[in-house]
Amino acid sequence: MASLRASLSLDRVGAVIAVLIGVALTAAPFVTYRANRIVAGEGRMLADALPPAGVAAVVLAAIAAAACAALIRRPAIRLAAAALGLCAVFPAVGVSAGFVAPAGNGFARVSPALGFWLLALAFALLAADALMRLRLGPWVRLAALAAAGAAIALLLLSGAWADLSLMKEYAGRAESFWREARQHLWLALGSTGVACLVGLPLGMLGHRIRRLRTALLQVLNIVQTIPSIALFGILIAPLGYLAAHVPLAAALGIRGIGAAPAFVALFLYSLLPVVANTITGLGQVPAAVTDAARGMGMSARQRLVEVELPLALPVILAGIRIALVQNLGMATIAALIGGGGFGTFVFQGIGQTAIDLVLLGAIPTVALSFAAAILLDALIDLTQRGAHDRD
Amino acid sequence: MIEIERLTKRYGATTVVDDVSFRVEEGAIAVVVGTSGAGKSTLLRMINRLVAPSAGRVLVDGEDTMAIPEDALRHRIGYVIQGYGLFPHRTVAENIATVPRLLGWEKRRIAARVEELLDLFQLDPGEFAQKFPHQLSGGQQQRVGVARALAAKPALLLMDEPFGALDPVIRSRAQDDLLAIQRRLRTTVVLVTHDMNEAFHLGDRIAVMDRGRLLQYASPGELLLRPAEAFVEQLVGTAERPFRLLSLTKVGEALEPGHAEGEPILLSATLRDALSQLVWLGREALPVVDAAGAPAGRISIAQILRHGRALP
């Protein structure tokens, strides 16, 4: 009796996902059609957005996924249902773009609308929920990330999305897209890298010297509270002075505005998580372990390298993860002061009220942060496994 | 041999260890007892210079420890603490190999030594060498902790409450194992505890400390029969005295000729064990046998009581 009830009971997360899917199918437009790039668009419901076979495929996949989400508890099946939904809805929106736009009209724009986004959100939630319940090991998670990346690359390279407004925005700026992508990565990864180079030794010193620790954390906490745009402003004066008076700085491209203040600001923001987690991680090493290490005649350097750092590594990596994910997102702001990066498209798009251009900057930013989070989480797990069940 | 000479530690105005001197003979176990805050641990940590003395000195085999570089000194002195401080990210074998590795021993020699120690501590190398500390029971962790301290064959072993984290049953077994291994290796041991039973069980000599001062340093029997101060008498426990005294003497030393009925007692048992057995069985006397089971004589309640008196 109990098992019967359990097998029929609704899954709470699943029920919410099913409702989302229901709303997306019945009450929200699947795509938006616009006669040209900047006029207001009109929504097209799913039934009008695809040829009948396409409508049937999307509806069936969505209903199947909703049913699995609400009623079936086995994570593997839920994951398969989510994958099925994603595989139906992503190509479908590309097909829809060709279907809705009048043939030969180069100005018409078709973009994904609320219905598509709700469906994508619902399937992604279902997938994330299933992956969490599966408790996959770090290697499998990395493989899943690679597979998702490959699927997206395949979708984009196959031209299935070529008619979508987003890809038309891209087609017009492919060159600058990849230039800004490199700039974005350089800003985010570079500043995080420098934060590690500076923050790890600072954290180690802070761990040893209590006074320095307090001062350090207080200063970094204050830096963290300065709004990014204000920090850019604060940096303009000293960097401008530097550029004007130190020829080498100017030769390196350092100016009051542009990439230099953005880089410095991101570096300053990421210093807090790196330093704080280094101090916390080293502080968590059990006193008995360090006492035993000292008592056996390990030098300060041997203790740090062989005992303290390995044991603190998961916590330190968690700090680097915070810094990296934060910087990948915040590097968008750099475009405001001419620092480049994906923010360039976001702010251009806002200026032109071209929402697809905004997305061209925003989607890669979110994807990068997401991938970085998964990558570093897996890395953290791998280092922790070393400490617990490497047998 | 280790000589502690007028060792003193002051932190500001407070004196934690106050002018302590004693000497531990080669191959002996000295137990330092006292209430918490008596300065026992500080005294111990001054021997391997984890704490720098304010005054006085320590000689190990006649050599002033201050003349030896800090790390080199610690490589020569085994150190076991409560909680053991095993490295959680290293296997049992890697943990035990710590000091030999620091000393730059050859790989093969280290592996052989690790195996030898695991055998000595009754941990099957095949099963335990590659395990991580968190996969071991408390008793196994304790054995690995002692094995690690003995890895580089130190002449001196310092132990700070090494059995403090064990439950009573495992603790008494661990104490017996330590005694057996110590008798075999003839390592000089200085052990700190607040447990009087442990002190009487393990110590060849017992140093009683209170508020930084050494009140008495004597054999267990002397401590019982001639306590130097009221505090020593109190710490030893007046109600426990006769039983402690009995537990210091083996049945073999109080053997009587003749026969008795009942379950035999081993020659190596203590008089305390024998008395307990006699009371429990309601007998006046029991037969005594040697380890091989051959009859050796008898032990009676009257004979035992004679050994439990303060004055013969």
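A residue counts as buried if 20 or more other C-beta atoms lie within 10 Å of its own, as exposed if 12 or fewer do, and as partly exposed in between, with C-beta atoms placed from the backbone. This is a predicted model, where local features need pLDDT of at least 70 and side-chain atom pairs count only at pLDDT 80 or more, while totals for chains, interfaces and linings use all residues. Residues are numbered from 1 along each chain as its sequence is written, and chains are lettered from A and ligands numbered from 1 in the order in which they are written.

**View 1. A:Arg135, a loop residue with positive phi.**
A:Arg135 sits in the loop between α6 (114-134) and α7 (138-157) of chain A. Helices here are DSSP runs of H or I with at least four residues, strands are runs of E with at least two, and both are numbered from the N terminus. Phi of A:Arg135 is near 50 degrees, a positive value in a residue other than glycine. Is A:Arg135 buried or exposed? A:Arg135 is exposed, because 9 other C-beta atoms lie within 10 Å.

**View 2. B:Lys153, a loop residue of chain B.**
B:Lys153 belongs to the loop between α7 (138-150) and β7 (156-160) of chain B. B:Lys153 is not a glycine, yet its phi is positive, at about 50 degrees. With 12 other C-beta atoms within 10 Å, B:Lys153 is exposed.

**View 3. Chain A as a whole.**
Chain A holds 17 helices and three strands. Its C-alpha trace spans about 75 × 70 × 30 Å along the principal axes. Of its 391 residues, 39% count as buried. Two residues are in contact if their C-beta atoms, placed from the backbone, lie within 7 Å. Among contacts in chain A with a separation of 6 or more, 73% join residues 24 or more positions apart.

**View 4. The annotated span of chain A.**
An unreviewed UniProt entry carries the annotation "domain: ABC transmembrane type-1" for residues 181-376 of chain A. UniProt positions are given in the numbering used here, feature names are shortened, and annotations may be inferred rather than shown by experiment. In the model, residues 181-376 of chain A are 83% helix and 0% strand. The end C-alpha atoms of this span lie 20 Å apart.

**View 5. A:Gly329 in helix α15 of chain A.**
Helix α15 (residues 300-330) of chain A contains A:Gly329. A:Gly329 is partly exposed, because 17 other C-beta atoms lie within 10 Å. Which residues does A:Gly329 contact, leaving aside its neighbours within four places in sequence? They are A:Thr365 and A:Ser369. A:Ala262 is 67 residues from A:Gly329 along the chain, and their C-alpha atoms are separated by 13 Å.

**View 6. The largest nonpolar core.**
A nonpolar core is a set of buried Ala, Val, Leu, Ile, Met, Phe, Trp, Tyr and Cys residues joined through C-beta atoms within 7 Å. The largest one has 183 residues. Those that touch the most other members are A:Ile21, A:Ala65, A:Leu126, A:Leu266, B:Val32 and B:Val190. Helix α13 (residues 259-283) of chain A gives the most to this core, with 16 residues. Not counting residues up to four places away in sequence, A:Ala65 touches A:Ile21, A:Ala81, A:Ala82, A:Leu84, A:Gly85, A:Phe123 and A:Leu126.

**View 7. Where chain B meets chain A.**
Chain B brings 21 residues to this contact, and chain A brings 18 residues. On the side of chain B that touches chain A, α2 (70-75), β6 (77-81) and α4 (98-102) of chain B each supply at least two residues. The largest share, four residues, comes from α2(B). By class, this side of chain B has ten nonpolar, eight polar and three charged residues. Nonpolar here means Ala, Val, Leu, Ile, Met, Phe, Trp, Tyr, Cys and Pro; charged means Asp, Glu, Lys and Arg; the others, Gly among them, are polar.

**View 8. The two domains of chain B.**
Domain 1 (2-239) and domain 2 (244-307) make up the domain assignment of chain B, with bounds from an automatic or database assignment. Their C-alpha centres lie 33 Å apart. Five residues of domain 1 of chain B are in contact with four residues of domain 2 of chain B. Helix α10 (residues 220-225) of chain B gives the largest share of the domain 1 side, three residues. That side has four nonpolar, one polar and no charged residues.

**View 9. A mixed sheet in chain B.**
Three strands of chain B form an open sheet in the order β11-β12-β13, with mixed pairing. β11 (265-266) and β13 (295-300) of chain B each have a single partner strand, so one side of each is left without a neighbour in the sheet. Two strands pair if DSSP finds at least two bridges between them. Strand β12 (residues 285-289) of chain B runs antiparallel to β13(B), and five bridges join them. B:Val289 has B:Pro295 as its bridge partner in β13(B).
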